[in-house]
Amino acid sequence: MSYFIALVLVVLPLYAAVVKASRHGPVCAVVCHAFMNTYPKVFNCSSLTTRECLCTERVPTSTYAISVDHYCSKRDFHNSLSIMKAYCEYENGLKFMYTLDDALAWGLENVEITSTLNYSTDVMIKPFLVPETYYYGNYRSFKSFYGNFDVSDYMAIACTFYFFFIAIGDLVEQTQCEVTTRASSKSPYGKKHADPYKISGFPVGLIPTRFESLVVAGFLILDMIFIFVDYDIFAGSTIFSKTDKQLTRAVGDRTGIVATSMTYHRWIGRSMYLHATLHSTMYTVHALLYGVASLKGYYKESYIISGTVAIVAGGLIIGQAQYALRHYWYETFFVLHILSVILFTLGVWRHCTTIGWMEYIYGAIAVWAFDRLVRLIRPLYYGSFNPSGTFAKATMTNDLIELEIDPPEIPWRILPGQYAYIYFAKFKFWENHPFSLLEIRNGKHIYIARPKKGITKTISNYLEEQPSRSATLRMGVEGPYGHNFSAETFDTVLLLAGGVWISGFTISEFSIGPLRATLRKLLTGENPIGLHIFITKSSPASISIKESKPTSDDDNAHDSQSYSNKNGAYSTSIDSFIEYGRPEISTVIEQTILNAHGSVVVSACGPDSFNDICHAITAVKLDKGPSRVEYIEENGLWS
């Protein structure tokens, strides 16, 4: 996230600078140029094309210069050169032959003052001022049409900056902690958040937290306001004969520009597709208002065809991104998604190279390319592409895949909750899967993952066929990813972990099989802690734990760490025991908060439904503790 924000810090000011320059030039200059382009015969250039005449002949170039000097500000006068340069350079080999200052100087020396001018019949051999009747009669029409481009650009930048400021908040850890716990203390609908919402048992998607809902709602409200406000639609436009033609074109331009700027993911992608669909629909209706023949000609244009391809590809991306396909058929989703994204990018690129706004496309590709570059560098950092390669011993341990890998050449700062994406050369080398960093054992990094479907199922099947259920595999390691929180800032810390997700809290010297070393360290160290272990898949007869810590003769009876089976529970004198069955999470959380002394943080890391339960229970207890109560969640969601 940090490197993404660093890139945004560089890209956004560039966006603003490019767009602020106004891609069409000052409107006052646009009106002057429009007059010349509409009535080229007045300049007596019958032997030249209109473009050649306006770009190379003294009279039209000086007419443009003195008119812009008269109607525009000094700043707009210098910016107006971009209009003529773009107009002239549209054809290969053609350039605007004079500087504006030279054209202005010659024009002022030779200007012909005329109070009346017949645009259709008169021929001028000297430069002249664009008539005021034409200029003021057309200015509002051009201001409404081209000004909408500027407003749309500013709105597009506002949408980008909205999420930019949200990302800035993520940089401040304490602020992030407050926002993600207090504002998002409850899910907006029921208790589901990490566990997918289902209709008739079919998963349809994830419900965002309250904070995420507020962020998305704020964006969508902002987005809808931008679609519907600040249009100057009026009867009598000199560009459009009817207001419906003016409105459809204005909405089509607005939604197209804002859609092009949206490079974020999921909800912004959905909003982008809404804008793109409105953009396409409005342009189609606009063409149809001129007749069926106009519509047919419209869809013969190559940039329209490429835009239509992008719309179709975008629809495929939206459809493929549904939770069920991503979760249950990820490999299929992955291939279809990549192909659709390529098709969408090519369509948008071809569309925008013709009409403009390529800076947004460059920005989106720059962010994507930077992310890909970093993800390529990370395996190099780990040493994965050394000539000798990176090999790991892969073993099936109970129902887990365990990887034993040499540490990177440049040491990591090992933290709880870290994970890495692992590529396997033997299988689908282009695919990866997240593995949790469990521990450091004999100088090796130990990663674990529970096999489900896809690549982990393939690896699991392969290992089951090997002697001793293990094999040495060549792989690439992309990481580390993940984050942790500052538990030391709280007086009471409740860590709730389920299954393999316990690795989100611990980096220690224990194996996930026998727990003896863990118990010894936690229960007999300098600062012993209360430990409550629930074993959900084993019977009491299947485990035997007996550890003692050195004590004096006087308090042997009190401090001895002996465990006895009593109704399926093993108790200890320092509030630590092992129990068989599932815990009552509500009781654990409630008692921890009510009996705490000082601030409390409840942190959950486990399966989706487990996290949702912890989240919902803690949310209603935030104001029950003696001091600050916060909730932090680590999701195991992937895909």
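The expected span here is 1.5 Å times one less than the number of residues. Helices (H or I, at least four residues) and strands (E, at least two) are DSSP runs, numbered from the N terminus.

A word on the source: this is a predicted model, where local features need pLDDT of at least 70, side-chain atom pairs count only at pLDDT 80 or more, and totals for chains, interfaces and linings use all residues. Residues are numbered from 1 along each chain as its sequence is written, and side-chain values use heavy atoms, with hydrogens and water left out.

Buried means under 20% relative accessible area, exposed means over 50%, and partly exposed is in between (1.4 Å probe, protein chains only). Among the buried residues of α2 are V27, C28, H33, F35 and M36.

Helix α10 takes in residues 210-228, which makes 19 residues. From first C-alpha to last it reaches 27 Å, close to the 27 Å expected. Which residues of α10 are buried? They are S213, V215, V216, F219, D223, F226 and I227. These cover an arc of only 160° around the axis, so they sit on the same side of α10. The arc is that of the directions from the helix axis to the C-beta atoms. As background, an α-helix has 3.6 residues a turn, so residues three or four places apart point the same way. On the other side of α10, L214, I221 and F228 are exposed. After the helix comes D230, with a positive phi near 65°.

## Rings that meet

The structure holds 23 aromatic pairs. Rings of Phe, Tyr and Trp (its six-membered ring) pair if their centres lie within 6.5 Å; planes under 30 degrees apart count as stacked, over 60 as edge-to-face and the rest as tilted. Here are two of the pairs:

| Pair | Type | Centre to centre | Angle between planes |
|---|---|---|---|
| F43 and F128 | stacked | 5.7 Å | 20° |
| Y135 and Y139 | tilted | 5.7 Å | 35° |

F43 lies in the loop between α2 and α3, and F128 in the loop between α7 and α8, so their pair ties together parts that are 85 residues apart in sequence. F43 is buried, with a relative accessible area of 4%, and F128 is buried too, at 0%.

Y135 and Y139 both belong to helix α8, 4 residues apart, about one turn of the helix. Y135 is buried at 4% relative accessibility, while Y139 is partly exposed at 30%.

There's also a cluster: ring pairs link F142, F145, Y146, F149, F240 and W357.

The charged end of K245 sits over the ring of Y290, 3.9 Å from its centre. Likewise, the charged end of R254 sits over the ring of Y231, 4.2 Å from its centre. To count, NZ of Lys or CZ of Arg must be within 6 Å of the ring centre and within 35 degrees of the ring normal.

## Strands and a barrel

Now for the strands. In the order β3-β4-β7-β6-β5-β8, 6 strands close into a barrel, with antiparallel pairing. Neighbouring strands of this sheet are turned by 45° against each other on average, direction ignored. Those angles use axes fitted as lines to C-alpha atoms (for helices over the stretch in contact), and angles run from 0 to 180 degrees between N-to-C directions. Two strands pair if DSSP finds at least two bridges between them.

How many bridges join β5 to β8? There are 5, between residues 419-424 and residues 470-481.

Strand β14 (residues 600-606) is mostly covered, with 7 of its 7 residues buried. V600, V602, A604 and G606 point one way, and V601, S603 and C605 point the other way. Strand β9 (residues 492-497) runs parallel to β14, joined by 6 bridges, and T492 stands opposite V600.

## Positive phi in loops

N44, in the loop between α2 and α3, has a positive phi near 55°. S468 has a positive phi near 60°; this residue is found in the loop between α18 and β8, and counts as exposed at 64% relative accessibility. Most residues other than glycine have a negative phi.
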